[in-house]
Amino acid sequence: MCVPLSLSDLSERRSAPVAQLGAPGPDRPTLLRCIKAAIRVPDHGKLVPFRLIEIPSAARDALGEALARRHQELEPDVAPKVLDKDRTRFSFAPTVVAVVARVVESPKVPRLEQELTAGCVAFQLLQAVAAEGFAGNWLTGWAAYDLEVARWFGLEPNELIIGFVHIGTARVDVPERERPDVTSLLSEFNPDSISFTRD
């Protein structure tokens, strides 16, 4: 059952290391509930500039081997340990979902705004699975930006992978890390700064 996240929960949010995400993961009804919540994001123009692709466990080994081969094509001198990381990139969490930005031509909604909407879906998915009692991590990595990998995922020219959301149960307590001081991030607009340049 979904439990609403409190401000305290949000203030303590952290990502579990992917290698420490194990079973159980969400079952199909739970995952669909989480996705239903994840897509309730700001969407100027109601363009729905996003979609999601689940990477089933049966496909993970083949994808990992393909990634290692592709990486070696791109970088012949890549270290073997890096290729090993490629092979296991999607082999830890029981559920992995790629969030895809689907940018459409619009005179009112620029590309960046549509990509940000898709990014909101990825983050909202993390929040939704947390509300269901799971842990998650949003990663990109080189594969998210590679055109050949995009072809494997069936992406169209107007699409790009925003990130891979790994979902499961944390095997360790996730340590806190240093966060910025919020007062150093918030400033106030000064209307005295308004001026117009003249030719």
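Guide: Buried means under 20% relative accessible area, exposed means over 50%, and partly exposed lies in between, using a 1.4 Å probe and protein chains only. This is a predicted model: local features need pLDDT of at least 70, side-chain atom pairs count only at pLDDT 80 or more, and totals for chains, interfaces and linings use all residues. Residues are numbered from 1 along each chain as its sequence is written, and side-chain values use heavy atoms, with hydrogens and water left out.

Visitor: Why is A19 called partly exposed?

Guide: Its relative accessibility is 38%, so A19 counts as partly exposed. A19 sits in the loop between α1 (7-11) and β1 (21-22). Helices (H or I, at least four residues) and strands (E, at least two) are DSSP runs, numbered from the N terminus.

Visitor: What is A19 in contact with, leaving aside its neighbours within four places in sequence?

Guide: F92 and R171. Contact means heavy atoms within 4.5 Å. The C-alpha atoms of A19 and A170 are separated by 9.2 Å, though the two are 151 residues apart along the chain.

Visitor: Why is C34 called buried?

Guide: C34 has 2% relative accessibility, so it counts as buried. C120 has 31%, so C120 counts as partly exposed.

Visitor: How do you know that C120 is in no disulfide?

Guide: A disulfide is a pair of cysteine sulfur atoms within 2.5 Å. For C120, the nearest cysteine sulfur is that of C34, 17 Å away. The structure holds zero disulfides.

Visitor: What puts the buried residues of α2 on the same side?

Guide: In helix α2 (residues 28-38), the buried residues are T30, L31, C34, I35 and A38. They cover an arc of only 135° around the axis, which puts them on the same side of α2. The arc is that of the directions from the helix axis to the C-beta atoms. These residues pack against β2 (50-54), β3 (95-102), α5 (111-131) and β5 (159-170).

Visitor: What makes a nonpolar core?

Guide: It is a set of buried Ala, Val, Leu, Ile, Met, Phe, Trp, Tyr and Cys residues joined through side-chain atoms within 4.5 Å. The largest here has 21 residues. I55, F90, F153, L155, I161 and F164 touch the most other members. β3 gives the most to this core, with three residues. A second, separate core of 20 residues includes A38, A118, V129 and V165.

Visitor: Which residues is F153 in contact with, leaving aside its neighbours within four places in sequence?

Guide: R51, I53, I55, L63, A98, I161 and F164.
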